Amino acid sequence: MVRSNTSALGIIFPNSYDALVPDLVNVRLMASIPFASRYRLIDFILSSMTHCDINNISVMVNNNYHSLMDHLDSGREWDLVRKNGGLHIFPPFMEKSAKPYVGRVGALSNILDFLRDEKEKYVVITDTNIVVNFDFDDMIRAHIESGADVTIAYNEQELPESFLKSQANDLGYYYTFGLEKGRIRKIYVNAKDAGVQNVSMNMFVVERELLIDMINTAFVRGQEYFERDVLLPQLDKLNVQAYKYEGYIARICDMKSYFDENMKLLDDYNLDALFSGGPIYTKIRDDNPTRYIEGAKVQNVMVADGCVIEGEVENSILFRGVRVAKGAKVRNCILMQDTVVEAGANVEYLVMDKNVTITAGKDMKGTSTYPVYIGKFQVV
Amino acid sequence: MAKEMIAMLLAGGQGSRLYALTEKLAKPAVPFGGKYRIIDFPLSNCVNSGIDTVGILTQYQPLVLNEYIGNGQPWDLDRLYGGVHVLPPYQKASGSDWYKGTANAIYQNISFIERYDPQYVIILSGDQICKQDYSDFLKFHKEKNAEFSVAVMEVPWEEASRFGLMVADKDDRITEFQEKPKNPKSNLASMGIYIFNWDILRKYLEEDEADANSENDFGNNIIPNLLKDNRRMYAYHFNGYWKDVGTISSLWEANMEILDPEHSGINLFDEDWKIYSRNSGMTGHKVSAGGVVENSMITDGCRIKGEVKHSILFAGVRVEEGAVIEDAVVMGGTVIKAGATVKHCIVAENVTIGENAVVGAMPTEEENGVATVGAGVTIGDNAKVGPKAMVNKNVGGGEEEW
């Protein structure tokens with residue numbers, strides 16, 4: 001049974017901001033980027049949703065989504081195998097002139113029939129490049145109490161460097177808000193302001209019926225972007241409220257922030273802050289526990305199951321099934337699933353994608369300001 | 001639709017020799033190897049051997065086991081037809097009975113087995129650590145055109161009298177069965193794993209039930225009766241890793257052996273024969289600056305700030321600064337506070353070991369006991385738990401328990 005008055009369905013845009021991390025999304029999309037030793041970015045949003053009884057979740061995949069389909073499978077790990085609701089994956093509907101989604105308006109117009117048939121009163125819309133353990137219940141409560149038409153979550157922070165640096169608008173749109181007593185009076189698109197801003201988290205709560213109306217109208221007018229084309233021109237007419245999020249947040253905006261946000265979790269304080277809410281679910285791999293063999297030496301590391309460590313590892317994040325052979329040295333690295341560092345190799349400031357092998361005796365180094373990325377399946 | 005072979009897993013044992021560990025849970029549910037429970041081994045063996053229907057016979061403290069098994073999904077045993085079923089004793093129109101013995105447990109579930117109309121039934125035991133391909137065993141059973149086969153291990157002759165022994169001829173046909181004999185005629189120990197032709201098993205279960213003097217036990221009754229009738233009985237030689245973990249010391253030893261897969265023969269890193277389990281869902285484990293981990297197995301959720309040597313830590317164990325852990329098995333959720341020493345012991349789930357407390361000791365010539373601390377126990381600051389102790393109640397600060 002769907003709770004009549006407060007229940008919400010979720011819509012996730014897994015490809016948003018892919019352009020910010022071109023290396024990492026070469027073989028995948030934003031939502032399936034590995035994070036924090038055993039998760040993918042989407043796990044945080046999905047788990048947050050299911051903890052808040054949002055059990056009817058649509059994922060609007062656009063391109064490069066095989067890895068995500070593999071990860072999500074039937075949705076069982078997130079308890080999303082449901083008779084009512086559950087997990088839906090909506091790729092673009094391929095007609096004669098197949099077109100990928102451009103903005104949210106086009107994507108949502110594709111599933112209007114689905115939205116009309118659902119029972120939930122509210123819709124929660126998010127991207128996946130933000131890592132949070134988010135309380136959607138609280139946001140929906142705030143939405144209801146304020147009587148808003150649309151509520152958007154934001155946090156106070158300086159604009160990420162990669163946003164400020166980009167000259168053109170080819171990396172996509174980001175939004176900052178001008179607020180008046182919690183109501184959004186101004187939406188700034190791709191602003192370059194210095195200092196702490198109200199930066200949109202691109203998470204929305206809106207009534208399902210209203211969303212359907214808005215999308216219908218916008219689609220007819222050929223509009224593409226929900227914030228820029230639909231909300232921005234109507235800020236006087238629509239009551240658009242801002243929901244301030246003050247919990248732990250990690251924004252993936254480029255390779256550097258991806259690296260830094262992983263490394264931050266080596267601090268127990270940050271790790272506890274991110275994982276203090278409900279547990280974060282992910283795909284189960286049934287690895288055995290990690291084995292430390294005689295000669296292993298580790299300091300300040302986060303390590304998932306299934307690793308075999310014989311060498312030295314320091315200030316690093318190791319995903320499942322990583323091998324560090326005898327005499328190898330790993331410092332300040334992110335080693336994704338099933339990577340291998342062979343005997344005597346010496347690596348520093350690397351982001352090694354899945355199944356990368358560093359052969360015996362090799363030296364390879366990036367720097368703290370420019371971690372070097374090595375693509376999936378590469379052998380160095 | 002008939003199944004070729006289904007498995008019946010005997011999981012009712014109390015495991016009284018594990019005492020402090022099995023107060024609240026059945027032996028098959030005892031945690032093992034960092035992220036498993038004992039029952040994960042036979043269940044994973046079943047799935048990996050192509051058996052998709054398993055009846056689990058429970059009786060003693062089944063709560064933890066029931067919840068753990070759930071719908072069987074972690075072992076891929078959530079099936080439309082078949083899958084895993086927990087089978088406790090139940091009430092019948094003509095009264096009800098506890099399971100009186102291993103054979104009676106199967107007898108009371110004849111109707112369960114009949115639903116699948118199997119040709120063969122494999123009887124498994126829920127208290128062994130073993131990676132075994134049951135399909136190979138079945139192949140042997142068919143090749144010998146056997147009516148009953150038992151998996152056997154060669155054991156050293158001097159230890160043979162501790163086991164149930166199968167005396168077999170050159171063709172592996174069993175001619176005699178000796179239960180813990182003084183003068184062993186064979187060194188082939190029964191592993192307690194049997195394959196029966198279902199029609200034969202059914203016949204002997206029914207006859208056994210009719211015999212008022214029977215103990216309703218496979219080893220004491222069913223197998224001798226088969227022998228008496230000169231049935232086609234064969235011994236299947238198994239030479240992989242096998243360990244009965246019925247005692248604290250054997251459980252501890254088996255845990256330690258997975259730290260040395262190169263020599264012990266129990267390799268959990270085998271991609272072709274995975275052991276499945278229900279996962280903790282915790283985040284990756286962490287070793288802080290200043291923490292030391294040597295020759296150990298560590299799983300998700302652990303936070304290590306102290307020293308861990310030659311030990312196995314289950315999910316979510318916390319080791320604070322200055323704590324030293326050596327040769328220890330520490331189960332899930334346990335917290336070991338600063339300066340505590342935990343050696344040569346088994347610490348069960350959700351235990352708190354206070355600051356500077358001492359649990360267990362490295363073995364000496366006179367004393368090589370494995371100290372055991374039961375689930376949920378709190379050991380106070382500066383308390384001492386001796387190497388022979390089995391603790392299932394809180395130990396106050398500064399107190400000693402030997």
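A salt bridge here is a side-chain nitrogen of Lys or Arg within 4 Å of a carboxyl oxygen of Asp or Glu. I used that rule on this predicted model.

**Entry: salt bridges.** I searched the interface of chain B and chain A and got eight salt bridges. I looked up one of them by name. The side chains of Asp305(A) and Lys35(B) meet at 3.5 Å, N to O. That distance of 3.5 Å passes the test of within 4 Å.

**Entry: polar contacts.** Next I counted residue pairs in polar contact between chain B and chain A, both residues at pLDDT 80 or more. The count is 25.

**Entry: the side of chain B.** Which elements of chain B give two or more residues to the side that touches chain A? I found helix H9 (261-264) and the strands E16 (285-287), E17 (292-294) and E18 (296-298). I then sorted this side of chain B by class. It has 13 nonpolar, 15 polar and nine charged residues.

**Entry: extent.** I noted 37 residues from chain A and 37 residues from chain B in the contact. The buried area between the two chains is about 3,000 Å². Carbon and sulfur atoms give 41% of that area.

Entry: Strand E14 of chain A, residues 290-292, is joined to E18(B) by three bridges. Do the two strands run parallel or antiparallel? They run antiparallel. In E18(B), Met297(B) is the bridge partner of Arg291(A).

**Entry: confidence.** For the complex, the predictor gives an ipTM of 0.89 and a pTM of 0.91.

Note on methods: Residues are numbered from 1 along each chain as its sequence is written. Chains are lettered from A and ligands numbered from 1 in the order in which they are written. This is a predicted model: local features need pLDDT of at least 70, side-chain atom pairs count only at pLDDT 80 or more; totals for chains, interfaces and linings use all residues. Side-chain values use heavy atoms; hydrogens and water are left out. Contact means heavy atoms within 4.5 Å. Buried area is the accessible area (1.4 Å probe) that two parts lose on being put together, summed over both. A polar contact is a pair of N or O atoms within 3.5 Å; within protein, one must be able to donate a hydrogen and the other to accept it, and residues adjacent in sequence count only if both atoms are side-chain atoms. Helices (H or I, at least four residues) and strands (E, at least two) are DSSP runs, numbered from the N terminus. Ala, Val, Leu, Ile, Met, Phe, Trp, Tyr, Cys and Pro count as nonpolar, Asp, Glu, Lys and Arg as charged, and the others, Gly among them, as polar. Two strands pair if DSSP finds at least two bridges between them.
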